[in-house]
Amino acid sequence: MIIKNSIEGSFHLTGGDFTNAGIASSELKSILTELGLDDNVIRRAAIATFEAEMNVIIHAIAGTIYYSIMPEHIKIIVNDMGPGIEDIELAMQEGYSTAPDWVREMGWGAGMGLPNMKKNSDEFKIDSVVGEGTTVEIIINIKQGLR
Amino acid sequence: MNIHEIASKLSLDVKTTKGDLEREVTGCYISDLLSDVMANGKEGDIWITHQTHPNIVAVAILKNLSGVIITNKRVPEEDTLKRAEAEHLTIMTGQAPTFEIAGMLYHFLRC
């Protein structure tokens, strides 16, 4: 399958909406599966998107996931209206989390979200303004992954 | 070994009706941290956890796990079962603690 034009879309996320957590990443996974992309590319995109989705649900008021699937790569941008991250370097460390206890009891907030996103990305960028929100940009290369 | 055989050998209670009981279980992953399962669980694994909320279904589907076993007499939330049925995921519960269920599974899957 060769993607000629870019395929774009977006999902809206509501902070605190744990019930619908995973729906956006699952829909993106279906779109990528239908395009016949490599399983490994799909898996990485789905994990990175799910972790980004969870961060918005856990920490922010609302957010949006934008995706564009291009011939060479998938770009996923997640931005939120949230508290922002004071120290990005610290937030990127595995095990560091500011999630409240009740979220940790659900098995989230283990400080693995951002590291998992980075591990599954070929390029990963994060920008944040305290009191305004955070934007994460994930790029996953698909060029070698075409069937 | 498939889900049905595991349920029967480990005396698990199958809480869903629409999952594929013939699905082959190729391994097992045990964790209560959802990001850990997303990072380290493998397709075909059966997942043993104490978590009972609906997000376990999303994680299991995303990773294409073969099923979920909730141990220690814990009961899945109603929404979890609804979501699992919609996704055709099998959720089972076990009376025994995780150690015993994992020990039996190890015996069946690896020995």
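Two strands pair if DSSP finds at least two bridges between them. The views below show a predicted model.

**View 1. The open sheet of chain A has five strands.** In chain A, the strands follow the order β1-β2-β3-β5-β4, and their pairing is antiparallel. The edge strands are β1 (7-14) and β4 (123-129) of chain A, each of which pairs on one side only. On average, and with direction ignored, neighbouring strands of this sheet are turned by 10 degrees against each other.

**View 2. Strands β2 and β3 of chain A are joined by eight bridges.** Strand β2 covers residues 62-69 of chain A, strand β3 covers residues 73-81 of chain A, and the two run antiparallel. Within this part of the sheet, A:Ser68 stands opposite A:Lys75 in β3(A).

**View 3. Helices α1 and α2 of chain A lie across strands of chain A.** Helix α1 (residues 23-34) of chain A lies across β1, β2 and β3 of chain A. The direction of helix α1 is at about 10 degrees to β2(A). Helix α2 (residues 39-59) of chain A lies across β1, β2, β3 and β5 of chain A. The direction of helix α2 is at about 5 degrees to β3(A).

**View 4. A:Thr134 is a buried residue in strand β5 of chain A.** Strand β5 of chain A spans residues 133-141. A:Thr134 counts as buried because its relative accessible area is 9%, and buried means under 20%. A polar contact of 2.9 Å links the side chain of A:Thr134 to the side chain of A:Ser128. Leaving aside neighbours within four places in sequence, the residues in contact with A:Thr134 are A:Val78, A:Asn79, A:Asp80, A:Gly84, A:Ile85, A:Ile126, A:Asp127 and A:Ser128.

**View 5. Chain B and chain A bury about 1500 Å² between them.** Carbon and sulfur atoms account for 58% of this buried area. In chain B, the residues that lose the most area to chain A are B:Met38, B:Asn55 and B:Leu62, which together make up 35% of what that side buries. Helices α2 (34-40) and α3 (55-62) of chain B each supply at least two residues of the side of chain B that touches chain A.

**View 6. Chain B and chain A share 11 residue pairs in polar contact, with both residues of a pair at pLDDT 80 or more.** The contact takes 16 residues from chain B and 22 residues from chain A. The count of salt bridges between chain B and chain A is zero.

Technical notes: Residues numbered from 1 in each chain as written. Chains lettered and ligands numbered in written order. Predicted model: local features only at pLDDT ≥ 70, side-chain atom pairs only at ≥ 80, totals over all residues. Heavy atoms only, no water. Helix = DSSP H or I, 4+ residues; strand = E, 2+ residues; numbered from the N terminus. Buried < 20%, exposed > 50% of the residue type's maximum accessible area, 1.4 Å probe, protein only. Polar contact = N/O pair within 3.5 Å; in protein donor to acceptor, adjacent residues only side chain to side chain. Contact = heavy atoms within 4.5 Å. Axes fitted to C-alpha atoms, helices over the stretch in contact; angles between N-to-C directions. Buried area = accessible area lost by both parts, 1.4 Å probe. Salt bridge = Lys/Arg side-chain N within 4 Å of Asp/Glu carboxyl O.
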